[in-house]
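Work through the exercises below with the model open beside the text, and try each task before reading its solution.

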Amino acid sequence: MTELSSRHLLGLKGLNYDDISLVLDVASAFREVIERPIRTVPTLRGWTVANLFFESSTRTRISFELAEKRLSADVVNLSAPASSASKGETLKDTARNIEAMRIDAVVVRHAASGVPHFLADAVDCTVISAGDGQHEHPTQGLLDLYTLHEQLGDLEGKRIVIVGDVRHSRVARSGIWGMTTMGASVAVCAPPTLLPSDLDAFPVDVYNNVDEAIEGADVIYTLRIQLERQQGALFPSIREYMAMYGINRSRLERARPGCLIMHPGPINRGWELDGDVADDPQSVILPQVTNGVAVRMAVLYLTAGRGTSALQKIGEPRGLGSEI
Ligand code: CP
């Protein structure tokens, strides 16, 4: 186990097997806590966390706030429409003003890739990414790994197929780094227009035909069609996409019996997967959400320096817009 004691979680690229195992082990302890009649522990009493969400969110935002409250931290929330960013304040000034109120950690989601890295350089407090642009969504990647371990045990040799809008997906990027680090074999499948141009940089097999891709899969990880990030038509229609790439009951039979269905949410029923597949006992979409609270408690605990943290500040700022 590495002894690095860093304060940030900005991405999964660069974390090693022991780093991720540490987070999952700590999350396992907190997973038990959130099933107790009294689900609050005093671990982060006196710690203050600011949740800065400059992009919409249901799961991640509520999950972080619950995790913080379960750990007895003080919590403040700021969303884009209510912030002074709408009056022209730069992100750096917003963050430094919040820091001046003596907060200990910032959880940030932003549409621009690289914002958590930028903030980590600009402020002295802990920075945790809640998803940045098309870069990474590290706590989603960790909660997915927790769910995979809970369901499958060791991931060595397991075949995971990520289907859908890989090009615009920070979930896919964190997933690929995390899953391969933990020993899984990962394939991605999408029409060529929904695959990233730098795919060679990722340790994955690539398919354009979903029926071939999911043959013998242990896990099918479906991604949301992110129309809000797409500039121009990247496929003819939702109906054609569902016919070619959507996960339905008959397609599922090509995978390994008992193949898990995962999705980061929000799901679009009838777009990337059929509603009955989403609700099938093989689907772990809601357990992913439950596990997210425990995983975020673990990340807060470790970045607060309450455990032996192996989390590192990773990567360089990129794709930063002039608004920052
Ligand atoms: N998975 C996820 O990031 O969902 P939200 O956008 O609702 O936070």
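**Exercise 1: the largest cavity**

Solution. The largest cavity holds about 70 Å³ of space, where a cavity is a set of points, on a 1 Å grid over the protein atoms alone, at which a 1.4 Å probe fits but cannot get out, and where grid points are joined across faces, edges and corners and the volume is the space filled by probe spheres set on the points. The structure is a predicted model, in which local features need pLDDT of at least 70 and side-chain atom pairs count only at pLDDT 80 or more, while totals for chains, interfaces and linings use all residues. Residues are numbered from 1 along each chain as its sequence is written, and side-chain values use heavy atoms, with hydrogens and water left out.

Helix 11 (285–303) supplies five residues, the largest share, and helix 2 (59–70) and helix 5 (138–152) each supply at least two; helices here are DSSP runs of H or I with at least four residues, and strands are runs of E with at least two, numbered from the N terminus.

Finally, domain 1 (17–136 + 291–309) and domain 2 (138–287) both contribute to this lining, so the cavity lies between them, the domain bounds coming from an automatic or database domain assignment.

**Exercise 2: the ligand**

Solution. Begin with the shell, a residue being near if one of its heavy atoms lies within 4 Å: S57, T58, R59, T60, R109, H137, Q140, P264 and G265 are around the ligand. Domain 1 and domain 2 each give at least three residues to this shell.

Then look for polar contacts, pairs of N or O atoms within 3.5 Å. A polar backbone atom of T58 is 2.8 Å from an oxygen atom of the ligand, whereas R109 places an N or O atom of its side chain 2.9 Å from a ligand oxygen, and a polar side-chain atom of H137 also lies 2.9 Å from an oxygen atom of the ligand. The protein covers 91% of the 260 Å² of accessible area that the ligand has on its own, by the Shrake-Rupley method with a 1.4 Å probe.

**Exercise 3: backbone geometry**

Where is the place of P266, and which peptide bond is cis?

Solution. P266 sits in the loop between strand 9 (260–262) and helix 10 (275–278), and the peptide bond from G265 to P266 is cis, with omega near -5°.

Key:
Polar contact = N/O pair within 3.5 Å; in protein donor to acceptor, adjacent residues only side chain to side chain. 1 Å grid on protein atoms, 1.4 Å probe; cavity = no way out; pocket = protein on both sides within 12 Å on 5 of 7 lines; lining within 4 Å.
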